[in-house]
Structures are given as structure tokens and as C-alpha cells.
Amino acid sequence: MSTAVRQRVVAPVWQVTRPARPGRVPGVVLAGFRDRGPAPVDHRLDPHPVLTLALACGEAALGIDEPTGRQHRGSLVTGLGFGVGGAARVRAANVEWMQVRLSPAVARAVLGVGPAELESSVVALDDLWGERRAARLREQLAQAASWEERFALVEAFLSRLTAAGPAIEPELAWAWDRIVAEHGQVRVEELADELGWSRKRLWSRFHAQLGLPPKRAVRLVRFDRAATRLAGGQEVARVAADCGYADQSHLHRDVVAFTGVTPATVAGQSLVTTADMAWVDHVPRLSARWGSAPASRFDGPHRPPPATGGDARGGRVPGQGTDHHALFSSRHRVSDA
């Protein structure tokens with residue numbers, strides 16, 4: 001079966017800059033965005049398995065329009081799964097902004113509220129951090145002389161927040177990282193068994209601390225990988241097989257449910273430049289390495305994971321330092337332009 005990448009004919013919307021060095025804040029990935037113009041940006045916003053901060057770096061501001069007609073401008077935060085159904089829009093003109101993608105495992109420490117309180121929503125950063133703190137950060141980003149200076153500034157800021165903020169239970173951090181490292185191809189029952197928890201306990205604690213039920217987390221992470229590969233030009237049948245879908249109809253169902261459009265439409269997206277369409281694990285994790293589940297503090301020793309192949313069992317997997325991430329509905333590995 002051919003895996004050839006189709007040529008893109010649509011001009012990219014965004015010029016993307018990534019940090020030159022690996023990230024230093026676990027559970028966080030950064031990128032700088034500048035719209036390419038000359039036409040204003042207007043495209044669909046698709047859901048991702050992250051919380052996203054959009055930090056304004058100048059006078060012009062990014063905008064998000066909700067399906068209800070409500071409009072948001074300025075520095076914003078979108079919750080896990082925001083954009084389901086494809087009716088939300090991203091709008092901008094002549095903007096520079098920084099994208100901060102947060103693992104739900106660090107969201108409460110960074111934002112001051114848990115991911116469950118922000119699920120499928122968008123809020124102004126002023127409402128979470130307070131006007132003074134948010135305004136100060138905007139001023140510093142606008143005054144910075146380069147993207148690297150901006151990255152360093154935001155990393156230092158987030159590092160202080162994560163160090164001082166509350167941590168989630170280690171069992172749940174492990175479960176999230178496991179789902180991400182397996183690209184959503186893991187059974188919730190298996191996670192509960194490895195932790196020595198009942199499925200009910202895993203469901204309630206996972207939902208309360210990470211913002212969505214574990215089964216939906218699995219589905220969202222799997223969809224995210226599939227959508228990335230579709231936008232990279234891979235054939236639908238190959239994407240369905242590689243991403244763990246029973247068949248193409250199941251992939252089609254998920255894509256339509258999450259984006260409101262067909263896989264063929266997703267495959268036609270081209271929002272950023274790309275040098276390599278291969279899948280890159282761009283969902284932030286707390287650790288680039290993971291293996292056995294931590295011993296549960298509630299039910300005694302865990303049962304170790306079954307021995308299976310692949311690099312997910314303690315081997316090196318793509319982490320923050322190799323993340324190639326993109327704007328909300330953008331599904332490409334970005335260049336270092």
C-alpha cells in the first residue's frame with residue numbers, strides 16, 4: 001500500500017519558530033507563530049489533547065469565535081477538546097503570538113484551575129492570572145528582541161508556576177503519559193489493572209484531575225495522531241490501520257465527530273510549512289521515559305505491565321525536546337524557518 005505524500009498546493013497560513021534547545025519545563029511545549037498574510041487568517045479550530053495558551057506578542061491579537069457567536073480576543077486559553085465539531089474559528093491579521101501547549105497533568109499548577117473546569121471552553125488569560133500578571137507578560141513578550149528571548153522568558157515564568165503549584169497523583173500522571181506514548185492505542189481496563197485500581201476509581205480520579213474521562217482521553221489522543229497523518233498526506237486506509245481503528249469507517253466516524261468534516265477535507269489542510277510529514281509525537285508528557293506503573297498508594301503493589309515490543313516500554317520516546325507542534329487545527333511537523 002502506497003504511503004506517498006501528496007503535494008501541497010495551498011499556501012501555508014503560519015510561519016512557525018520552535019525553540020533551538022530542548023524544553024526545560026516538563027509537560028510544556030512552545031512555538032512562536034507569525035501569520036504570513038496578506039489575507040487575514042480564518043480557519044477551523046480542531047480539538048487537541050492539550051490545553052493551549054495563546055500569548056499575544058504585540059498589539060494585534062489572535063481571535064477565536066465560538067459556535068455560539070461569542071468572540072474572544074487577546075491572550076487566551078483553550079481547554080481539552082475545545083473545537084469539537086469544527087464550528088469554532090481562529091481569526092487573526094498581522095499577529096505574532098506564542099503557543100504554549102500544556103499537558104493536563106500540569107494545567108492546574110500553571111493556570112490556577114483544574115482542566116476539568118476548562119474542558120471544551122475558551123477563556124481570557126486575564127480571568128485566570130489576573131489583569132496585572134497577564135498584562136505584564138504581554139509587555140515583556142512585546143519588548144523581547146527575538147523568539148529565543150521570548151521562549152526563555154515564558155519558560156522561566158512557567159517553571160516558577162509549576163514548581164509552586166499543586167501536583168496531580170503520580171498514578172494519573174503515569175496513566176496520561178502512557179496514553180500519549182501509546183498514541184491512544186491502550187485499553188482503559190489495562191491501565192486500571194496495571195495500577196491495581198478499579199475502573200470506577202480510575203474513571204473518577206482521572207476525570208477529576210485531568211479533565212476528561214480516560215476513555216475519551218484515549219479516543220482524543222488517537223484521533224489527534226490520525227488527523228496529523230491525514231494532513232501529512234498519508235492514505236486513509238493506512239492511517240486507519242496504523243492508528244488502531246477497526247476500519248476506515250471507524251476513522252471516518254471519529255474525524256467527523258471531532259472536526260465536522262471528512263478525512264478527505266482534513267487531508268487537504270496546509271496551515272504551516274513542512275519539511276517532514278512523518279508523525280511526530282507532539283503531545284506534551286511529563287517524562288520522555290516511562291515504564292512500570294507506580295505503586296498505588298490505595299490498593300497495594302501494582303501489577304507490572306505485560307512485556308510487549310516497541311520503544312514505549314522504558315525506551316527513549318519523543319519528548320519535549322523533539323516535539324514539533326503546531327497551531328490548534330494545524331496537523332504538520334513544522335520547519336525551523
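The model is predicted: local features need pLDDT of at least 70, side-chain atom pairs count only at pLDDT 80 or more, and totals for chains, interfaces and linings use all residues. Residues are numbered from 1 along each chain as its sequence is written, and side-chain values use heavy atoms, with hydrogens and water left out.

**Exercise 1. Salt bridges**

Task: Find how many salt bridges the whole structure holds, then examine the pair R44 and D46 and the pair R178 and E182.

Solution: 
- Start with the criterion: a side-chain nitrogen of Lys or Arg within 4 Å of a carboxyl oxygen of Asp or Glu.
- Side chains of opposite charge can pair when their charged atoms come close.
- Search the whole structure. The count is 21 salt bridges.
- Take R44 and D46. Their side chains form a salt bridge at 2.6 Å, N to O. Both residues are buried (under 20% relative accessible area; exposed is over 50%, partly exposed in between; 1.4 Å probe, protein chains only).
- Take R178 and E182. The N to O distance in their salt bridge is 3.3 Å. Both R178 and E182 are buried.

**Exercise 2. A pair within a helix**

Solution: 
- Helices are DSSP runs (H or I, at least four residues), as are strands (E, at least two), numbered from the N terminus.

**Exercise 3. Around G63**

Task: Locate G63, decide whether G63 is buried or exposed, and list its contacts beyond four places in sequence.

Solution: 
- G63 is in strand 5 (residues 63-65).
- Its relative accessible area is 0%, so G63 is buried.
- Contact means heavy atoms within 4.5 Å. Leaving aside neighbours within four places in sequence, G63 contacts H72, R73, R89, V90 and R91.
- Check R91. G63 and R91 are 28 residues apart in sequence, yet 4.9 Å apart C-alpha to C-alpha.
- Salt bridges link R73, R89 and R91 in a network with D42 and D65.

**Exercise 4. S121 in its loop**

Task: Locate S121 and list its contacts beyond four places in sequence.

Solution: 
- S121 falls in the loop between helix 1 (107-111) and strand 10 (122-124).
- Apart from neighbours within four places in sequence, S121 contacts V77, T78, G79 and F82.
- A polar atom of the S121 side chain lies 2.7 Å from the backbone oxygen of L118.

Definitions and conventions:
A polar contact is a pair of N or O atoms within 3.5 Å; within protein, one must be able to donate a hydrogen and the other to accept it, and residues adjacent in sequence count only if both atoms are side-chain atoms.
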